Amino acid sequence: MDICQEIRSSSSKSSLQDIQSALKTYYARHLSILRVSGDELDLETCYVNLAIVEAPAQREKEKQDLKEQAAVFHRIPSFEAVERANMQSSIPLEQLFDKRKLRRARIGKTTLCKKLVLAHQTGLWRDRFDTVLWLPLRQLKAFKSRTLEGLLRKKFFAKGLDQEGAALARALATRAQKGKVLFILDGLDEIVTDAQCNEGTALQEFLRTLLEQQHVVITSRPSGLDRKLLPSIDLELETVGFSQKNVQDFLVKVLKPEAVRTVQDFIKQTSLIWGLVNISVQLDVICFSWDSLPMGGPTITMTGLYQLMVRKLWCKDALRLKKVAGGKVLSEREINKLAPKYIDKIMATELQHLGYLAFKGMKNNHQIEFNEEALLSAFEDLGEYGAADKIDFLPPQLLEMMKQTSFFHRADTDVDAGKSDSQQAWYFLHLTFQEYFAATWIAQHLQVKQPYLSAGMMTVEQAKAFVQEHKYNPQYEIVWWMVAGLLDGEALEEFFDLLQGSPRDLIGGRHQQILTSCLNEARARLDTMVVTRLDAKLMKWLYFEILTCHNEGHGSILGCQASFPEALLVEDLGSVSSWKSILLRTLGARSTLSESALQSLVGALKDEDAYVRQSAASTLGNQSTLPESAIQPLTGALDYENGFVRGSAASALGKQSTLPESAIQSLIGALKDEDGDVRSLAASALGKQSTLPESAIQSLIGALKDQNPTVRVCRRVLSLHVEDNKLCFYTEQGLVRSGPIESDKEKIITSTLKAVQHEAGIHA
């Protein structure tokens with residue numbers, strides 16, 4: 001349908017209704033989200049969480065709160081360093097413009113833009129803005145006009161009669177001048193680095209005009225952001241990916257019940273997954289591959305997971321590309337029965353060319369978008385590979401093949417941008433997939449023993465030199481992990497020799513981080529003696545860090561890495577008494593712990609050193625969910641002689657949303673502890689429970705009369721009342737309800753509440 005068909009032809013003046021109707025028709029083609037399976041996904045399922053990026057002083061002030069309140073999922077490292085985002089200072093989408101503007105996005109920025117447009121269409125911010133305009137800034141190069149009216153005409157109103165489109169664009173530009181239009185300027189980093197946007201160019205001046213509009217949302221990757229172009233920033237936010245609840249909701253939305261359980265179990269058992277599933281596209285690929293996920297047995301590495309996901313998507317691509325074997329096109333059933341080595345074989349051409357393209361892009365200033373000229377150039381580089389008289393595919397044919405794979409997506413799906421297909425930009429499904437394919441290319445050249453003659457290839461020596469030159473480059477960190485995960489045999493040991501050889505990081509911290517992660521990927525395929533030697537070096541560095549850089553109350557930075565062998569930390573808990581507390585805090589900083597590690601922490605609750613017992617309790621409390629085998633010992637620690645240990649145990653129990661009856665009763669008993677801090681922590685722990693028995697409610701009411709003001713304040717009780725035969729009180733954590741109250745006690749409790757509320761200054 002033409003956009004201007006919805007405009008009243010008899011109207012001599014473009015009304016707001018005309019503009020909104022035309023934009024709604026335009027956006028109807030651009031707000032969909034497609035899964036890797038090809039199915040369309042509801043935008044409501046594409047969660048975007050925003051966290052404030054705070055100034056250094058504020059971050060330092062809230063550092064401890066951040067440590068306790070940060071989201072469960074950690075993110076895998078990124079070369080795009082960003083300021084620390086306050087994960088607790090989150091901004092619900094509907095509150096985004098409560099005296100604020102958004103200035104940064106990192107994970108899912110385009111999804112965020114689509115959700116902002118949809119939010120306005122469904123009624124949000126209508127009192128603030130008449131319209132919302134989403135402008136992918138990379139598209140500015142495709143438009144000749146350098147005026148706002150001209151851009152709006154070509155971008156949003158290109159279809160229909162010229163006179164009608166021009167009238168709409170003119171009216172919309174006028175509304176923008178009056179501050180009634182919200183501009184979403186998407187991808188600032190993608191335009192400022194372009195030569196056409198250099199200082200003094202017409203494009204840069206036009207970009208400044210857009211940035212200086214009255215109401216602007218700007219998204220950008222942290223790298224490449226030119227702050228000199230920006231006006232004053234009201235609020236800087238970072239999109240932080242899926243929360244734990246978002247992941248659960250996404251699984252329920254896109255999978256069948258049996259698949260949900262499989263993926264949930266896989267995530268729970270595989271700690272490395274916790275750095276991946278908070279990104280929607282990666283979670284989507286894992287869901288698409290759910291029936292191939294390994295359950296039980298050795299823990300899968302990050303490289304192994306990507307191999308699994310890539311092969312699952314290769315099967316879909318092989319069917320689409322009509323792959324042939326034995327002189328006939330393979331059926332879906334035949335493809336799905338293929339062993340991994342045969343999948344790799346039938347998709348070898350695609351693997352090779354995507355690998356080289358990914359590698360070439362990373363060498364070229366970490367290029368993530370490719371136009372057709374760059375794609376054809378890369379495929380021509382490989383033209384000499386193989387027999388000189390044999391040409392399987394010409395570069396244009398290869399180009400069309402790559403476009404049909406699951407790993408290559410068009411950057412601009414905007415059919416109104418005035419671009420021919422040759423002008424479109426393409427990118428990998430996600431940066432980590434580009435890194436994976438680049439790793440396959442490098443590993444291929446480290447594994448072979450003879451040099452290739454092609455101009456696009458590297459000899460083994462050239463590949464080794466490349467590793468030596470870039471091994472500490474943050475842009476290649478994940479690439480090196482995956483190279484270690486792909487190599488085997490002598491080539492793998494030689495790769496670790498390259499990491500250990502010159503040049504070496506003089507300080508050592510960066511070197512150990514790389515070594516730890518690579519060893520985590522390759523441990524199962526390395527010689528046992530090599531692994532033992534490398535483990536010993538890691539522990540020496542860990543203790544060196546503790547001796548030279550340790551801050552009181554914190555663990556080892558090296559040991560906190562998810563890739564650092566947990567078993568090494570647990571093993572030394574039983575042998576190094578002077579550093580037990582530091583090792584315990586190091587374990588506590590890790591996002592997830594194995595069952596054996598949890599049992600070691602339980603054992604440390606009985607250590608003769610009270611400081612060790614306190615650290616063990618605190619470390620257990622850092623886990624989002626504890627098994628019954630850990631809850632019971634923590635409950636017992638409430639009776640320990642040392643008050644600090646009792647307080648840490650109460651605090652740890654309070655971080656569990658649901659506690660067994662025995663733990664609840666022990667916390668009720670702790671409300672009478674001789675130590676006011678313990679009473680306070682016990683009251684807080686009870687208040688964080690979703691439901692409480694009547695006895696606990698009555699004990700908490702009694703705690704409101706505590707002479708220690710900390711106990712009263714810590715309860716944070718906002719209101720108390722009886723409702724539906726249940727005692728209810730609101731805290732800053734939410735509503736807490738007791739079990740049913742016996743009818744003969746309701747009047748007594750109600751009168752008691754009124755008395756306590758009056759005395760404590762609490763409003764009913």
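I began with strands E11 and E13 (residues 425-428), which run antiparallel and are joined by three bridges. Strands here are DSSP runs (E, at least two residues) and helices are H or I runs of at least four, numbered from the N terminus. I'm working on a predicted model, where local features need pLDDT of at least 70 and side-chain atom pairs count only at 80 or more, while totals for chains, interfaces and linings use all residues. Residues are numbered from 1 along each chain as its sequence is written, and side-chain values use heavy atoms, with hydrogens and water left out.

Across from Phe 370 I found Trp 426 in E13. The whole sheet is open, three strands in the order E11-E13-E12, with antiparallel pairing (two strands pair if DSSP finds at least two bridges between them). E11 (369-371) and E12 (408-410) are the edge strands, each pairing on one side only. On average, neighbouring strands are turned by 35° against each other, direction ignored.

Next I looked at what packs on this sheet: helix H16 (residues 372-381) touches E11, E12 and E13, and its direction makes about 85° with that of E11. Contact means heavy atoms within 4.5 Å; axes are lines fitted to C-alpha atoms, for helices over the stretch in contact, and angles run from 0 to 180 degrees between N-to-C directions.

**Helix H19.** Which residues of H19 (residues 460-470) are buried? I get Val 460, Ala 463, Lys 464, Phe 466, Val 467 and His 470. Buried is under 20% relative accessible area, exposed over 50%, partly exposed in between (1.4 Å probe, protein chains only). They cover an arc of only 155° around the axis, so they sit on the same side of H19; the arc is that of the directions from the helix axis to the C-beta atoms. Glu 461 and Glu 469 are exposed on the other side of H19. The cover over the buried residues includes H15 (348-363), H18 (431-447), H20 (477-486) and H21 (489-500).

**Cores.** I then checked the largest nonpolar core, which has 150 residues; Trp 480, Phe 495 and Phe 496 touch the most other members. Such a core is a set of buried Ala, Val, Leu, Ile, Met, Phe, Trp, Tyr and Cys residues joined through side-chain atoms within 4.5 Å. Helix H12 (residues 302-320) gives the largest share of this core, ten residues. Another core, of 50 residues, lies apart from it and has Tyr 27, Val 117, Leu 203 and Leu 210 among its members.

**Whole chain.** I noted 35 helices and 16 strands. Of the 764 residues, 52% count as buried.
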